[in-house]
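Hi there,

I am passing on a structure that will be new to you. Have a look at it first, and then read my notes below.

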Amino acid sequence: MEVAVYNGKEGVSASTQNNALKRKNLPTGHAEEIAISHSTFKAQRLKWNHAEGEASALVKPKRQKKGDPSIVDGEGAYRGPWARYEDQDQAYEDEAAMAGEELASDEEYIEEAIVPPTMPALPAASTDYADSLETSETTEFNGEEQFDYQGRTYMHVPQDLDIDLRQELGTQKNYVPKKQIHVWKSHTKAITSLRFFPSSGHLLLSSSADSKLKIWDAYHSRSLLRTFSGHTKSVTDSSFSPSGTTFLSASYDRQMKLWDTEYGKCISRFTTGKIPHVIRFNPSEQNSHEFLAGMSDKKIVQFDTRSGEMTQEYDHHLGPVNTITFVDQDRRFITTSDDKSLRAWEYNIPVPIKFIAEPYMYSLVRASPHPSGKYVAFQSGDNQIVVYASTDRFRQNRKKSFRGHNNAGYAIDVSVSPDGQFVMSGDSGGYVCFWDWKTCKMWHKMIAADGPVVCAQWHPQESSKVATAGLDGAIKYWD
């Protein structure tokens, strides 16, 4: 943009103030052509207009009054932040006049009746929302036969094995597994959780980022038994009820669903509108119909599966909740969060009884209670497993720290063996690591996958069987 910069006030061009010897090319002085941007020219013009007393160019246009919030419509109605500028209405009228739409003084605007086009009636499937919601969950039996010769399903605990799966937990001495004995492949994306059937461990439940859950046979043919479909996004966590007849699933689609383990029917749905990160059934007999869920909005919510209603809300964390662990004969529970703190609660009382947040702490992303009931092992974000007491004081046991693996950036499972002798954890480099509980020394480290191993669970009855899974979608069984 080329303009002539001219200082009319003094009668001398701005460029000739330092050189008065230049010839005049205007009656009042000398002017030069220079190239400046449009914004610079506008700023200069406003500046000189202001200097000449034309301050109106810089004055902000006046807005209409905000109005009275108690008046909804008509004169003096509340406009709030939507109040127009005073000359805005005039601009609209000018536009309408230019378009030839201005009405005469004696004319009245009449809205012409718009005849809707004849549309065919919508099919019932597109308007029947309730039915479509109920039928959105499906299940498929993948085993060879659903019932055996006595009419029993896969829920029946097998008794034709070398081991008694009905014995009390922890009576078997545990050993570190040495070799891989089986691989389960069916999921198409990363595995997000592994859960053995309570007490007996004859079934294995897996959830995946492919939005499906699957139940596998841990004995006999070790085949896929049933697939549960119903979530629309990645499943974040799963939890068996104490009896194992039902299980819960939580997903990024903000839904928590209660499933029948035997026949795959979706019994109930729960949601708060937020993403559940962790979900746990109450293990006690009297409260086995209730469960807790740690949400992305920093809350822990408690639901009753019988009524489907939320019965309690624990709202003290400052970040998304990562773990929920029941302790002290299931009368209390410990939660950890991305806010790098640990909180202990009495069940049904929404005020923490203990709050631990030290400057050196990292986020505790996974937890596993020790079978003795005195400790809980937590996977810490600084490549170590830390131990806290689960009794009255909830203090950290500084002498117990398990190191030697890498977990930074991943939520990797930690699992204590049923007899309390070993601690197992996955690793971001594809390893499975084992430590001795008493000495905290690494006992064994073996390669288990090409990518990170995020899920690792001890079998509740077998002496040395563990299941691991990673981001490749394969579940590996070790002995």
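Let me start with Asn174, which is found in the loop between strand E3 (138-141) and strand E4 (180-185); strands here are DSSP runs of at least two residues, numbered from the N terminus. This is a predicted model, in which local features need pLDDT of at least 70, side-chain atom pairs count only at pLDDT 80 or more, and totals for chains, interfaces and linings use all residues. Residues are numbered from 1 along each chain as its sequence is written, and side-chain values use heavy atoms, with hydrogens and water left out.

Asn174 counts as buried because its relative accessibility is 1%, where buried means under 20% relative accessible area with a 1.4 Å probe, protein chains only. A polar atom of its side chain lies 3.3 Å from the backbone oxygen of Glu462. Beyond its neighbours within four places in sequence, Asn174 is in contact (heavy atoms within 4.5 Å) with residues including Pro418, Trp458 and Glu462.

As for the whole protein chain, 43% of its 479 residues count as buried.

Best wishes

Methods: Helix = DSSP H or I, 4+ residues; strand = E, 2+ residues; numbered from the N terminus. Buried < 20%, exposed > 50% of the residue type's maximum accessible area, 1.4 Å probe, protein only. Polar contact = N/O pair within 3.5 Å; in protein donor to acceptor, adjacent residues only side chain to side chain.
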